[in-house]
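Good morning, and thank you for the time.

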Amino acid sequence: MLQSLIKNVWVPMKPYYTQVYQEIWAGMGLMGFIVYKIRSADKRSKALKGKIFASDGWGRKTPSYLFRTRRIPVLN
Amino acid sequence: MNENLFTSFATPTMMGLPIVILIIMFPSILFPSSNRLINNRLISIQQWLVQLTSKQMMAIHNNKGQTWTLMLMSLILFIGSTNLLGLLPHSFTPTTQLSMNLGMAIPLWAGTVFMGFRHKTKAALAHFLPQGTPIFLIPMLVIIETISLFIQPMALAVRLTANITAGHLLIHLIGGATLALMDISPSTALITFIILILLTILEFAVAMIQAYVFTLLVSLYLHDNT
């Protein structure tokens, strides 16, 4: 199957893939870089959101939660 | 009702597996290739159409630009056939997805820009300043031309996405309105149905025009840079 793929696709298209489309391959690299940046930023923001609203396993709040909210002491 | 309108644009899955790749590859089946000199009617018509389009589109280019003929003809055939197949009821149109259109626009636009900077650096840089600009406007105009250059791939992708998505949404809405009006007032439903038919004819035209516009703009960017 690989041989038929090489014979029917690679051999006729070789001058295109190697010479004509060089700049398009560079453009595809640029597009891949943009996709990587967007995906990593999305992952980072989701992780940050999860961290801010999370609590530890013992039911205690995270330091950022304690920092963001007011502590009102109650005297009984 | 809002939920139903936008679910038709969700990427399709069959039993949990995404089949969007199969859907994207499907239009290629409709364009058979042949090694014969004299073909059957279908292939002859397709070859005649491709020849007509390629002669008209590539006539303005020099030898370097004409090496992109295969790419541009594949592009217009793919976008045209995908858009037209999307007009079938309940079908999925890959060109409604911005990710897909950006994936087509960014490499092609970047390819033309890199080609321009690599082979004709001075001319490519000269595009940032139109001829006959007054001296005190030069800094602002260079900034404006740079912004307009970087907006080109975004405009290409968003134009195609918005046109096809908006057309499909309108057909959904007016079809839904026709159905809802049939019980209330058949005469109004008839008018809405006539509007739906006219809109469908418009969408056929828009499908082909958007394919042509996308390819023509890429061809123009190529002409500027070769």
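Predicted model: local features only at pLDDT ≥ 70, side-chain atom pairs only at ≥ 80, totals over all residues.

Let me describe the side that chain A contributes. Both α1 (2-20) and α2 (22-52) of chain A supply at least two residues each to the side that touches chain B. The largest share comes from α2(A), with nine residues. By class, that side of chain A has 10 nonpolar residues, two polar and one charged.

Now the interface as a whole. In terms of contacts, 13 residues of chain A meet 15 residues of chain B. The size of an interface is often given as the accessible area lost when the parts come together. Here chain A and chain B bury about 1,200 Å² between them, and 76% of that is on carbon and sulfur atoms. On the chain A side, the residues that lose the most area to chain B are Glu23(A), Ile24(A) and Met31(A), which together account for 46% of what that side buries.

These residues bring us to helix α2(A) itself. It has 31 residues and spans 45 Å from its first C-alpha to its last, close to the 45 Å expected at 1.5 Å a residue. Its buried residues are Glu23(A), Ile24(A), Gly27(A) and Met31(A). What covers the buried residues of α2(A) includes α1 of chain A, together with α5 (69-85) and α6 (98-119) of chain B.

I turn next to charge pairing. Over all chains, the search finds two salt bridges. One salt bridge is counted between chain A and chain B. In that pair, the side chains of Arg118(B) and Glu23(A) meet at 3.0 Å, N to O.

Are the two partners buried or exposed? Glu23(A) has 5% relative accessibility and therefore counts as buried. Arg118(B), at 48%, counts as partly exposed.

There is also a salt bridge within chain A, where Asp42(A) pairs with Lys46(A), the closest N and O atoms being 3.1 Å apart. Asp42(A) and Lys46(A) are separated by about one helical turn, because they lie four residues apart in helix α2 of chain A. An α-helix has 3.6 residues a turn, so residues three or four places apart point the same way. As for accessibility, Asp42(A) is partly exposed at 37%, while Lys46(A) is exposed at 55%.

Thank you; I shall be glad to take questions.

Notes: Residues numbered from 1 in each chain as written. Chains lettered and ligands numbered in written order. Heavy atoms only, no water. Contact = heavy atoms within 4.5 Å. Buried area = accessible area lost by both parts, 1.4 Å probe. Salt bridge = Lys/Arg side-chain N within 4 Å of Asp/Glu carboxyl O. Nonpolar A, V, L, I, M, F, W, Y, C, P; charged D, E, K, R; others polar. Expected span 1.5 Å × (residues − 1). Buried < 20%, exposed > 50% of the residue type's maximum accessible area, 1.4 Å probe, protein only.
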